[in-house]
Every structure is written in structure tokens, then in C-alpha cells.
Amino acid sequence: MVNKKTLNNNLSEIKKYLPGEILYSYKTNSDGSIAKAVISHKYGFLLSSPEESEILMKKFHPDPKKLLFQSPGLTVDGFKRIKKLGVS
């Protein structure tokens, strides 16, 4: 269970000390309240599988410009799937 007040306070504090683009690893914890908070603070997501990319986009509709995909074992099919979503 996520304490939303603490989560939002922590996300605000991070922005103070780490200016620039901040990405949350969706695979670390895909809890919906965390994803919504990350989006509301205008942070991005680091994604590592086509499946998690599709789930995130379908459930939460983040800005594709705020998504970064990184996977050493990406197949051609996986590449096509993430490009279709607009993930870079």
C-alpha cells in the first residue's frame, strides 16, 4: 500500500535536488498510484519490455515523449511494438 501524501512529497523533494529529466523505472513497482503520481509530477518512465510499455500506455496514457525504452534483448517484433506506442 502506498501513502500518497508521502509519495507526492518525496517526488516534489526529488525535483528540488535533481533538476532535469527524471525517469521512474516502471518495472520496479507498477502500482497505479505511483504511476499516476509520476505522471502528475511530469516525470517520465524507464521501460524495459514491450509488455510493460503496452500496459503503462493502456492504463495511464503518459506522454510518449516522457518514455525511454532500454532492453539488451529487444527483438525486431518488440521494437515494432514499442515504436507503435510512440516510445523512444
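Pro50, Glu52, Ser53, Leu56, Met57 and Phe60 are the buried residues of helix 3 (buried: under 20% relative accessible area, exposed: over 50%, partly exposed: in between; 1.4 Å probe, protein chains only). Seen down the helix axis, these residues fall within an arc of 165°, so they line one face of helix 3; the arc is that of the directions from the axis to the C-beta atoms. The model is predicted: local features need pLDDT of at least 70, side-chain atom pairs count only at pLDDT 80 or more, and totals for chains, interfaces and linings use all residues. Residues are numbered from 1 along each chain as its sequence is written, and side-chain values use heavy atoms, without hydrogens and water.

**Helix 3**
- Lys58 and Lys59 are exposed on the other side of helix 3.
- Cover for the buried residues of helix 3 includes helix 2, strand 2, strand 3 (67-69) and helix 4 (76-85), with contact meaning heavy atoms within 4.5 Å.
- Helices (H or I, at least four residues) and strands (E, at least two) are DSSP runs, numbered from the N terminus.
- His61 follows helix 3 and has a positive phi, near 50°.

**Helix 2**
- In helix 2 (residues 32-40), the buried residues are Ser33, Ile34, Ala35, Ala37 and Val38.
- Helix 1 (4-17), strand 1 (23-25), strand 2 (44-47) and helix 3 (50-60) are among the elements that cover them.

**Ile14**
- Ile14 lies in helix 1.
- Ile14 is partly exposed, at a relative accessible area of 33%.
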